[in-house]
Amino acid sequence: MCRALHVARQGCCARRKRRPSAHGERGAGLAGRISEIYAASRGVYGAPKVLAELRKAGEPTSRKRAARIIREDGWAGTTRGCAKRPKGGAKAAAPQASSAPDPVRREFSADGPNRARFAGITYARTHRGRLLLMCNKKWSE
């Protein structure tokens with residue numbers, strides 16, 4: 001494997017024996033503290049609120065470090081419905097009220113003239129208020 005990665009064998013063995021750096025140990029301790037805060041919030045808090053709790057407790061850390069630890073552990077805070085949704089999250093479609101009856105059953109052809117009529121209503125906003133536009137069309141072939 002060392003030959004495939006173009007790495008000296010001695011370096012791999014030395015890295016395994018080496019104890020974690022102070023930065024790594026601090027990150028592990030911080031991850032434990034963040035998991036406590038996250039669990040206490042019942043999974044609601046995201047990185048900004050977790051960071052605020054850490055600073056309130058006197059833990060010196062940066063916003064990016066807290067966000068990275070939260071992201072690496074696979075946690076995410078909840079968002080309100082009006083807030084921006086996470087990437088890839090689609091909003092569920094609102095339930096539609098029962099539609100109006102369809103007397104032509106989506107069949108827009110007629111046997112002869114004046115057999116079917118169609119109407120449409122549109123509201124147009126003007127500087128004087130809303131304007132109602134109605135279109136009445138005879139369908140004949």
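Biologist: Of the 141 residues of the chain, what percentage count as buried?

Modeller: 13% of the 141 residues count as buried. Keep in mind that this is a predicted model.

Biologist: Noted. How many helices and strands are there in the chain?

Modeller: The chain has 5 helices and 2 strands. Starting at the N terminus, the order is α-α-α-α-α-β-β.

Biologist: And contacts with a separation of 6 or more: what share comes from residues 24 or more positions apart?

Modeller: Such residues account for 43% of those contacts.

Biologist: Let's go to helix 5. Which residues are buried there?

Modeller: Arg65, Ala66, Ile69 and Ile70 are buried in helix 5. They span an arc of only 135° around the axis, so they sit on the same side of helix 5.

Biologist: Why would residues three or four places apart point the same way?

Modeller: An α-helix has 3.6 residues a turn, so residues at that spacing point the same way.

Biologist: What is exposed on the other side of helix 5?

Modeller: Arg63, Lys64, Arg71 and Glu72 are exposed there.

Biologist: Which helices do the buried residues of helix 5 pack against?

Modeller: They pack against helix 3, residues 22-40, and helix 4.

Biologist: Take helix 4 and helix 5. At what angle do they pack?

Modeller: The angle is about 120°, and the axes are 9 Å apart. That makes helix 4 oblique to helix 5. The contact involves Ala47, Val50, Leu51 and Arg55 of helix 4. From helix 5 come Arg63, Ala66, Ala67 and Ile70.

Biologist: Is the crossing of helix 4 and helix 5 left-handed or right-handed?

Modeller: Helix 4 passes helix 5 in a right-handed crossing.

Biologist: Now helix 3 and helix 5. Where do their axes lie, and at what angle do they cross?

Modeller: The axes come within 10 Å and cross at roughly 70°. Helix 3 and helix 5 are therefore roughly perpendicular to each other.

Biologist: Which residues meet there?

Modeller: Helix 3 brings His23, Arg26, Gly27, Leu30, Ala31 and Ile34. They meet Arg65, Ala66, Arg68, Ile69 and Ile70 in helix 5.

Biologist: That leaves helix 3 and helix 4. What is the angle?

Modeller: Helix 3 and helix 4 pack at about 110°, with axes 10 Å apart. They are therefore roughly perpendicular to each other. Helix 3 passes helix 4 in a right-handed crossing.

Biologist: And which residues meet between helix 3 and helix 4?

Modeller: Leu30, Arg33, Ile34 and Ile37 in helix 3 meet Val50, Glu53 and Leu54 in helix 4.

Biologist: Switching to loops. Where is glutamate 59 found?

Modeller: Glutamate 59 is in the loop between helix 4, residues 47-56, and helix 5, residues 63-72.

Biologist: What is glutamate 59 in contact with, leaving aside its neighbours within four places in sequence?

Modeller: Glutamate 59 is in contact with Arg26, Leu30, Arg33 and Leu54. A polar contact of 3.4 Å joins the side chains of glutamate 59 and arginine 26.

Biologist: What separates the C-alpha atoms of glutamate 59 and arginine 33?

Modeller: The separation is 9.2 Å, and the two residues are 26 residues apart along the chain.

Biologist: Where does threonine 61 lie?

Modeller: Threonine 61 lies in the loop between helix 4 and helix 5.

Biologist: Does threonine 61 count as buried or exposed?

Modeller: Threonine 61 counts as buried, at 14% relative accessibility. Leaving aside neighbours within four places in sequence, threonine 61 is in contact with Leu30, Leu51, Leu54, Arg55 and Ala66.

Biologist: Last one. Which glycine follows helix 5?

Modeller: Glycine 74 follows helix 5, and its phi is positive, near 80°.

Methods:
Residues are numbered from 1 along each chain as its sequence is written. Side-chain values use heavy atoms; hydrogens and water are left out. Helices (H or I, at least four residues) and strands (E, at least two) are DSSP runs, numbered from the N terminus. Contact means heavy atoms within 4.5 Å. A polar contact is a pair of N or O atoms within 3.5 Å; within protein, one must be able to donate a hydrogen and the other to accept it, and residues adjacent in sequence count only if both atoms are side-chain atoms. Buried means under 20% relative accessible area, exposed over 50%, partly exposed in between (1.4 Å probe, protein chains only). The arc is that of the directions from the helix axis to the C-beta atoms. Axes are lines fitted to C-alpha atoms, for helices over the stretch in contact, and angles run from 0 to 180 degrees between N-to-C directions. Angles under 35 degrees count as roughly parallel, over 145 as roughly antiparallel, 65 to 115 as roughly perpendicular and the rest as oblique. A crossing is left-handed if the near helix is turned anticlockwise from the far one by less than a right angle, and right-handed if clockwise.
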